[in-house]
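Open the model in your viewer and keep the selection tool at hand. This tour goes stop by stop.

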Amino acid sequence: MKNTAGMTRFGIGPLLAGLSIAYCLAAFVLTRHFTPLFNLDGVPDEVRLVAGLAFLFIGVPFFVVAVIAVTRAYNAGRLVTTGIFGCCRHPVYGAWIVFIIPGMALMANSIALLSAPVPMYLLLRMLVKKEEKYLEDKFGAKYLNYRSNTPDIMPVGWLKRLISS
């Protein structure tokens, strides 16, 4: 469902997801085809699995809470700047880049997959400009103030607030 400015409730998510999935699939195939070259040798399986689960334990709820918040705000035609959006401007994308993909990479024992957050973040920085322009046009100074005071993805926002407290 599109709004009058042409931005769907999904924003750049489908495009970012499609490109990220392609990269992750290639990384996974490389890992499996060239085992053990792309394995995380030197990290005990138990440590890797617990760390991977910890990342997922944080990332999945982070993602769900962000999706619910942004869906409610979009449906109400308002800008959400509190809660999880008070920590970072793009928590839906941040959940994947910072927590979920690294968690899956650790569980899959894949250095190649562990590299995915880097191109994902670079893609995000390029693609999110469209979302940010939409928000600036729709909410004006309120969004510009929010953008200037809130980091783009986690954990930078949380760490910045923790350090400045």
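This is a predicted model: local features need pLDDT of at least 70, side-chain atom pairs count only at pLDDT 80 or more; totals for chains, interfaces and linings use all residues.

**Stop 1: the surface.** Select Phe 34 in the loop between α1 and α2. Together with Phe 34, they make a nonpolar surface patch of about 280 Å².

**Stop 2: the core.** Nonpolar side chains tend to be buried together in soluble globular proteins. Here, the largest nonpolar core has 39 residues. Select Ile 12, Leu 16, Phe 85, Tyr 93 and Leu 124, which touch the most other members. Next, colour the helices. At least two core residues come from each of α1 (13–33), α2 (45–76), α3 (84–87), α4 (91–108), α5 (111–114), α6 and α7 (141–149). The largest share, 10 residues, is supplied by α4.

**Stop 3: Tyr 93.** Zoom in on Tyr 93. Leaving out residues up to four places away in sequence, Tyr 93 touches Phe 10, Gly 11, Ile 12, Gly 13, Leu 16, Leu 124, Val 128 and Glu 131.

**Stop 4: Glu 131.** Glu 131 is buried, yet has no salt bridge. Which side chain of opposite charge is nearest to Glu 131? Select Arg 89: the distance is 8.8 Å. Then show the contacts of Glu 131 beyond four places in sequence, among them Met 7, Phe 10, His 90 and Tyr 93.

How values were computed
Residues are numbered from 1 along each chain as its sequence is written. Side-chain values use heavy atoms; hydrogens and water are left out. Buried means under 20% relative accessible area, exposed over 50%, partly exposed in between (1.4 Å probe, protein chains only). Lys and Arg count as positive and Asp and Glu as negative; His and the chain ends are not counted. A salt bridge is a side-chain nitrogen of Lys or Arg within 4 Å of a carboxyl oxygen of Asp or Glu. Contact means heavy atoms within 4.5 Å. A nonpolar core is a set of buried Ala, Val, Leu, Ile, Met, Phe, Trp, Tyr and Cys residues joined through side-chain atoms within 4.5 Å. Helices (H or I, at least four residues) and strands (E, at least two) are DSSP runs, numbered from the N terminus. Patches are made of residues with over 30% relative accessible area and no salt bridge: like charges are joined within 9 Å, nonpolar side chains (Val, Leu, Ile, Met, Phe, Trp, Tyr) within 5 Å. Accessible areas come from the Shrake-Rupley method with a 1.4 Å probe; for residues, only the protein chains shown count as cover.
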